[in-house]
Amino acid sequence: MQKIPEEIYSRIDNNIYNLEGARWWQPDFSLNLIRTLFNPFRVGYAKKIIEQIIKADQAKTRVLEVGCGGGILTEEIAKMGFITTGIDPSDPSLNTAVEHSKENNLKIKYEKGTGENLPFPANSFDVVLCCDVLEHVNDLPKVISEISRVLKNGGVLIYDTFNRTTFSKLSAIKILQEWKRWAIMPPDLHVWEMFIKPDEMRSLLKENKLVWKEHRGLKPSISYPKMLYYLHKRAIGELTYEEFGKKFLMVESNSTQIMYMGYAVKYE
Ligand SMILES: C[S@@+](CC[C@H](N)C(=O)[O-])C[C@H]1O[C@@H](n2cnc3c(N)ncnc32)[C@H](O)[C@@H]1O
């Protein structure tokens with residue numbers, strides 16, 4: 001897999017994390033849906049995998065979240081008792097993350113940086129989390145190589161991302177971003193060509209001393225017609241984002257057609 005061509009990368013709006021960076025924790029905000037819809041599954045998944053793979057005490061286990069945004073996932077990791085670091089390129093998002101962690105008495109080290117150039121020495125972390133970020137980066141092979149570099153031997157990478165299928169184009173791009181009847185997300189939040197097929201992910205991991213272990217699909221906990229109904233209610237303003245976010249969760253599925261979560265272990 002190659003770096004994303006400039007004409008494709010220029011279409012994604014990663015500036016939203018600067019412009020809206022103060023809003024991550026506001027309940028009636030689109031990106032706060034990550035907290036209500038996605039965190040329940042992915043936090044449980046991350047906890048299970050870390051407990052399975054990393055045998056050290058939580059208080060001695062170093063976890064890095066790459067692309068931490070406002071700290072919605074980072075805080076859950078810190079609450080589990082791990083030594084937690086988050087990095088992100090967006091200053092406004094990081095400011096929000098720092099402030100929110102202070103308000104909640106959580107010890108988290110936040111730093112500015114990109115996945116392509118992680119500001120840490122080799123073999124620094126037991127765990128790297130990279131959730132809803134890989135489909136946003138300019139140079140995916142470099143990000144995976146950097147994650148592998150900073151992971152200790154036997155350390156684990158846990159990630160989730162979007163698959164590049166006809167179904168993901170229809171659901172994540174057309175319905176969620178483009179078709180006004182249902183669209184509730186910013187129009188350039190995701191660019192379909194930047195989505196990653198599970199096979200591409202497996203190859204990249206293998207090229208970077210990361211032994212792929214599994215992929216689990218994600219799907220809504222309600223039927224698709226019911227989800228469309230709630231999307232429409234949100235799109236026309238009859239539901240707030242907060243109310244919409246209480247209608248369902250993303251849960252584990254055997255189908256990786258839209259999104260998948262997985263992990264890989266580093267071996268020298
Ligand atoms: C959808 S948000 C996910 C935030 C967080 N991981 C979560 O799930 O709550 C995507 C994040 O990726 C960050 N990002 C964009 N390009 C990046 C890069 N090259 N390296 C690291 N993070 C990046 C953005 O600033 C944004 O905070």
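Reader: What covers the buried residues of α5?

Author: The cover includes α2 (16-19), α4 (74-79), β2 (83-88) and β3 (108-112). Helices (H or I, at least four residues) and strands (E, at least two) are DSSP runs, numbered from the N terminus. Buried means 20 or more other C-beta atoms within 10 Å of a residue's own, exposed means 12 or fewer, and partly exposed is in between, with C-beta atoms placed from the backbone. This is a predicted model, where local features need pLDDT of at least 70, side-chain atom pairs count only at pLDDT 80 or more, and totals for chains, interfaces and linings use all residues. Residues are numbered from 1 along each chain as its sequence is written.

Reader: Which residues of α5 are buried?

Author: Ser 93, Leu 94, Thr 96, Ala 97 and Ser 101. Down the axis of α5, they fall within an arc of 160°, so they line one face. That arc is of the directions from the helix axis to the C-beta atoms.

Reader: Which exposed residues does the face turned away carry?

Author: Asp 91, Lys 102 and Glu 103. After α5 comes Asn 105, with a positive phi near 55°.

Reader: What should α5 span?

Author: Its 13 residues (91-103) should span 18 Å at 1.5 Å a residue, and the end C-alpha atoms agree at 18 Å apart. The expected span is 1.5 Å times one less than the number of residues.

Reader: New topic. How many residues surround the ligand?

Author: 22, and the closest are Tyr 17, Gly 67, Gly 69, Thr 114 and Gly 115. Near means that the C-beta atom, placed from the backbone, lies within 6 Å of the molecule or strand.

Reader: How does that shell divide?

Author: Ten nonpolar, nine polar and three charged. Ala, Val, Leu, Ile, Met, Phe, Trp, Tyr, Cys and Pro count as nonpolar, Asp, Glu, Lys and Arg as charged, and the others, Gly among them, as polar.

Reader: Now Val 128. What does Val 128 touch?

Author: Leu 64, Val 66, Ile 147, Val 150, Leu 151 and Leu 157, not counting residues up to four places away in sequence. Contact means C-beta atoms, placed from the backbone, within 7 Å.

Reader: And Ile 34, where is that found?

Author: In helix α3 (residues 33-53). Ile 34 is partly exposed, with 19 other C-beta atoms within 10 Å. Beyond four places in sequence, Ile 34 touches Asn 39, Ile 72 and Asp 132. Its C-alpha atom is separated by 11 Å from that of Gly 70, 36 residues apart along the chain.

Key
Two residues are in contact if their C-beta atoms, placed from the backbone, lie within 7 Å.
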